[in-house]
Amino acid sequence: GKPIPAEMVINIRKSKRMFHALDTLESLYRAKVDQLLFGPQPYPSGSHQKLVHATMADLLPIQIPDEPLWQTRFEHFYHYAGGYYSYLYGVMFAEQVWNELFEA
C-alpha cells in the first residue's frame with residue numbers, strides 16, 4: 001500500500017487535541033462542583049441546581065440550557081467523586097511511601 005500522506009497525519013494529530021481545552025474546563029467544573037456539594041456542609045445558599053448553574057457560569061465558555069435537574073442524568077455526580085478522590089488518596093499515599101523509603 002501507499003504511505004499515509006504527511007498532511008493527513010498532521011490533521012489527525014491536530015484533531016485528537018482539538019477540544020483539549022474544553023475537556024480541561026469540564027474537569028475543573030466537575031471538581032469544583034464536587035468540592036462544593038461533597039465538602040463542608042451546608043454548601044452555599046440555594047439549591048444544588050442553582051449551585052451547579054452558578055459554577056457553570058463561572059467556568060464554562062458556553063451556556064448550558066436551564067433544563068430541570070439535567071445533572072441527575074449526569075453520571076459523574078453519582079459515582080465519579082468516590083472513585084476519583086480514592087485515586088487521589090492512593091497517589092498521595094504512594095508518594096509518601098516513596099519519599100520515606102526511597103528518597104534520601
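**Reading a helical model**

Mentor: Helix α2 (residues 20-38) packs with helix α3 (residues 48-59) at an angle of about 145°, their axes being 10 Å apart. The model is predicted: local features need pLDDT of at least 70, side-chain atom pairs count only at pLDDT 80 or more, and totals for chains, interfaces and linings use all residues. Residues are numbered from 1 along each chain as its sequence is written, and side-chain values use heavy atoms, with hydrogens and water left out.

Trainee: How is a pair of packed helices described?

Mentor: Two packed helices are described by the angle between their axes and the distance between the axes. Axes are lines fitted to C-alpha atoms, for helices over the stretch in contact, and angles run from 0 to 180 degrees between N-to-C directions. Helices themselves are DSSP runs (H or I, at least four residues), as are strands (E, at least two), numbered from the N terminus. The protein has four helices and zero strands.

Trainee: Which residues of α2 and α3 meet?

Mentor: Contact means heavy atoms within 4.5 Å. In α2, L25, L28, Y29, K32, V33, L36 and L37 meet H48, L51, V52, T55, M56, D58 and L59 in α3. Leaving aside neighbours within four places in sequence, T55 is in contact with Y29, K32, V33 and L36.

Trainee: Is T55 buried or exposed?

Mentor: Buried means under 20% relative accessible area, exposed over 50%, and partly exposed in between (1.4 Å probe, protein chains only). T55 has 2% relative accessibility and therefore counts as buried. Of the 104 residues in the protein, buried residues make up 16%.

Trainee: How many salt bridges does the structure hold?

Mentor: A salt bridge is a side-chain nitrogen of Lys or Arg within 4 Å of a carboxyl oxygen of Asp or Glu. The structure holds one. K32 forms a salt bridge with D58, and the closest N and O atoms are 3.7 Å apart. K32 lies in helix α2 and D58 in helix α3, so the pair ties together parts that are 26 residues apart in sequence. K32 is partly exposed at 31% relative accessibility, whereas D58 is exposed, with a relative accessible area of 58%.

Trainee: Which residues form a nonpolar patch on the surface?

Mentor: Patches are made of residues with over 30% relative accessible area and no salt bridge: like charges are joined within 9 Å, nonpolar side chains (Val, Leu, Ile, Met, Phe, Trp, Tyr) within 5 Å. Here I4, M8, V9 and I12 form such a patch, with about 360 Å² of accessible area together. Accessible areas come from the Shrake-Rupley method with a 1.4 Å probe; for residues, only the protein chains shown count as cover. M8, in helix α1 (residues 6-16), is partly exposed, at 46% relative accessible area.
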